[in-house]
Amino acid sequence: MVACRVRAGRHGLASALLARALVNLDGPARLRTEGHDPAGALTLYERFGFRVVSRHHRYRKPLA
């Protein structure tokens, strides 16, 4: 897992971590992000050549 805090954004840290992780990977890469994508992760992933292949939704209902 590779992650950065939102407040650390826009300094190239996520790009550097993802680039390093991809160099050391020995199989296909798969990524997940939240659907609302507040930190701009989709933009980062697309810059690295990833494309959206599916979208998932989660539903919740409070029981109380």
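What you're looking at is a predicted model, where local features need pLDDT of at least 70, side-chain atom pairs count only at pLDDT 80 or more, and totals for chains, interfaces and linings use all residues. Residues are numbered from 1 along each chain as its sequence is written, and side-chain values use heavy atoms, with hydrogens and water left out.

**Overall picture**

- The protein has two helices and zero strands; these are DSSP runs numbered from the N terminus, with helices being H or I of at least four residues and strands being E of at least two.
- Of the 64 residues, 9% are buried, meaning under 20% relative accessible area, while exposed is over 50% and partly exposed is in between (1.4 Å probe, protein chains only).
- Carbon and sulfur atoms account for 54% of an accessible surface of about 6,300 Å², worked out by the Shrake-Rupley method with a 1.4 Å probe; for residues, only the protein chains shown count as cover.

**The core**

- Leu18, Ala41, Leu44, Tyr45 and Phe50 make up the largest nonpolar core, a core being a set of buried Ala, Val, Leu, Ile, Met, Phe, Trp, Tyr and Cys residues joined through side-chain atoms within 4.5 Å.
- Helix α2 (residues 41–47) supplies the largest share of this core, three residues.
- Leaving aside residues up to four places away in sequence, Leu18 touches Leu44, Tyr45 and Phe48 (contact means heavy atoms within 4.5 Å).

**The aromatic pair**

- One aromatic pair turns up in a search of the whole structure.

**Out at the surface**

- Leu25 sits in the loop between α1 (13–23) and α2, and is partly exposed because its relative accessible area is 40%.
- Arg51 lies in the segment after α2, and counts as exposed because its relative accessible area is 58%.

Terms used
Rings of Phe, Tyr and Trp (its six-membered ring) pair if their centres lie within 6.5 Å; planes under 30 degrees apart count as stacked, over 60 as edge-to-face and the rest as tilted.
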